[in-house]
Amino acid sequence: PSARGTLPALIPRPHLLERLGGTTGPVLIAAPAGYGKTTLLRQWSGTLRPQPVWVVPRDGGAVWPAIMAGLQAARVVPEGNAGALQPPGGLDDALAFLTRKLTGSRIRLVFDAVEGFRAAERESWFRALLNRDPVPFQVIVATRDSTAIDATDARLAFRLLDLRAEDLAFSAAETSALAALAVPGAGQRTVRQIHSDCGGWPACTALALGYLQGDRSPARPAVEDRSGTIAAYLDRTVLPALTLTEIRVITAACICGTSEPAQAAALCGVPDAGTILGRLATQGLIQRRGQQAFVLRPVLRQHLLQMLWRADPAGLRRLHRRASSWHSTAGSAAACLRHAAASGEGP
């Protein structure tokens with residue numbers, strides 16, 4: 001069984017459920033893959049009556065058929081209502097139709113995996129649904145990419161509940177609680193190391209604990225990951241969502257613990273590396289450190305370093321040489337010497 005799919009669901013998130021239950025306005029849950037967006041919404045929906053209407057991308061990625069399928073599954077619109085299934089005259093007509101059908105019925109529309117909808121439709125539909133005021137029904141949107149959703153008006157009017165990766169990440173206490181359920185014999189030192197290495201990333205935390213669970217050897221280094229489960233997860237689920245340029249930027253940025261825009265641009269040769277890092281920080285894949293610096297999440301940084309070491313050791317040494325040169329110019333002697341040593345060359 002997949003630890004990623006089962007273990008996080010064992011941990012209740014009362015502080016998040018309270019925030020969801022305390023709002024009737026629009027909700028945007030935006031975080032990278034593996035932060036438990038769907039798990040949280042499933043936990044929340046179990047507390048609601050009537051149950052929310054779940055809307056997920058269908059073949060073709062059009063929004064309107066997916067909404068109608070969700071309404072029919074929830075029996076808000078009768079099955080076989082061919083007229084209702086026909087696309088309305090436009091977005092305004094569609095919203096008017098939904099308003100007539102849903103006003104007064106306490107219906108919540110939960111849009112999950114929004115990145116699966118067509119980009120053009122996603123832009124228009126979710127801007128209208130999230131920013132509409134007053135809203136006759138509640139709209140909850142879960143997405144991996146917050147930059148693809150325009151909720152500016154609702155955010156400025158303080159009507160939007162905005163949950164990001166930092167909100168969804170496991171606390172140290174939640175990691176400990178999950179470890180107690182999954183690997184009762186794991187020592188606190190091991191659990192603390194897992195929490196530090198994974199940075200509270202729920203899927204990676206679950207995979208690390210599931211790996212320990214597999215052979216009952218909690219004394220082994222926490223995220224050693226000999227079976228490659230975390231690496232495989234990042235390779236299959238997280239990195240494919242990035243462009244080649246974005247991967248090039250974060251691969252260069254992983255050389256230094258903290259990366260500044262000018263430094264990242266010098267290392268990877270991408271002039272707008274700072275803009276790319278800022279966008280990825282907004283999406284939650286990396287973290288900001290102050291106003292002008294960025295830090296990769298530890299488990300992702302370690303994975304990228306291992307990829308470079310295995311696939312392109314010469315490229316890894318080349319990046320260290322560039323980092324040494326950059327730090328020399330910046331007057332950071334200690335960092336210059338450290339990267340010079342890692343490159344295999346003297347200062």
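Q: What is the order of the strands in the open sheet of five strands, and is the pairing parallel or antiparallel?
A: Strands of a sheet pair through backbone hydrogen bonds, in either a parallel or an antiparallel sense. Here the open sheet of five strands has the order β2-β3-β4-β1-β5, and the pairing is parallel. Helices (H or I, at least four residues) and strands (E, at least two) are DSSP runs, numbered from the N terminus. Two strands pair if DSSP finds at least two bridges between them.

Q: What should I know about the model before going on?
A: The model is predicted, with local features needing pLDDT of at least 70 and side-chain atom pairs counting only at pLDDT 80 or more, while totals for chains, interfaces and linings use all residues. Residues are numbered from 1 along each chain as its sequence is written, and side-chain values use heavy atoms, with hydrogens and water left out.

Q: How many bridges join β2 to β3, and how many join β1 to β4?
A: Between β2 and β3, which run parallel, there are three bridges; W54 stands opposite V110 in β3. Strand β1 (residues 27–30) is joined to strand β4 (residues 138–143) by four bridges, and these two also run parallel. I29 has A142 in β4 as its bridge partner. The pair β3 and β4 is parallel too, over four bridges, and R108 is partnered there by Q138 of β4.

Q: Are the faces of β3 covered or open?
A: In a regular strand the side chains alternate between the two faces of the sheet. Both faces of β3 are covered: R108 and V110 lie on one side, L109 and F111 on the other, and all are buried. Buried means under 20% relative accessible area, exposed over 50%, and partly exposed in between (1.4 Å probe, protein chains only).

Q: Which helix lies across β2 and β3, and which strands does helix α7 touch?
A: Helix α4 (residues 63–73) lies across β2 and β3 (108–111), running at about 150° to β2. Helix α7 (residues 119–131) packs on the sheet and touches β1, β3 and β4, with its direction at about 135° to that of β4. Axes are lines fitted to C-alpha atoms, for helices over the stretch in contact, and angles run from 0 to 180 degrees between N-to-C directions. Contact means heavy atoms within 4.5 Å.

Q: Is L130 buried or exposed?
A: L130 is found in helix α7. It counts as buried, at 0% relative accessibility. Leaving aside neighbours within four places in sequence, L130 has contacts that include P26, V27, V139 and V141. The C-alpha atoms of L130 and R155 are 25 residues apart along the chain and separated by 9.3 Å.

Q: In what sense do β6 and β7 pair?
A: Strand β6 (residues 286–289) and β7 pair in the antiparallel sense over four bridges, and Q287 has V295 of β7 as its bridge partner. The two strands form a hairpin with three residues between them, and G290 in the turn has a positive phi of about 75°. Strand β7 (residues 293–296) is covered on both faces, with A293 and V295 buried on one side and F294 and L296 buried on the other.

Q: At what angle do α17 and α18 pack?
A: Two packed helices are described by the angle between their axes and the distance between the axes. Helix α17 (residues 298–311) and helix α18 (residues 313–330) pack at about 120°, with axes 5 Å apart. That makes α17 oblique to α18; angles under 35 degrees count as roughly parallel, over 145 as roughly antiparallel, 65 to 115 as roughly perpendicular and the rest as oblique. The contact is made by L305, L308, W309, R310 and A311 of α17 with P313, L316 and L319 of α18.

Q: Which residues of α17 are buried?
A: In α17, V299, L300, H303, L304 and L308 are buried.
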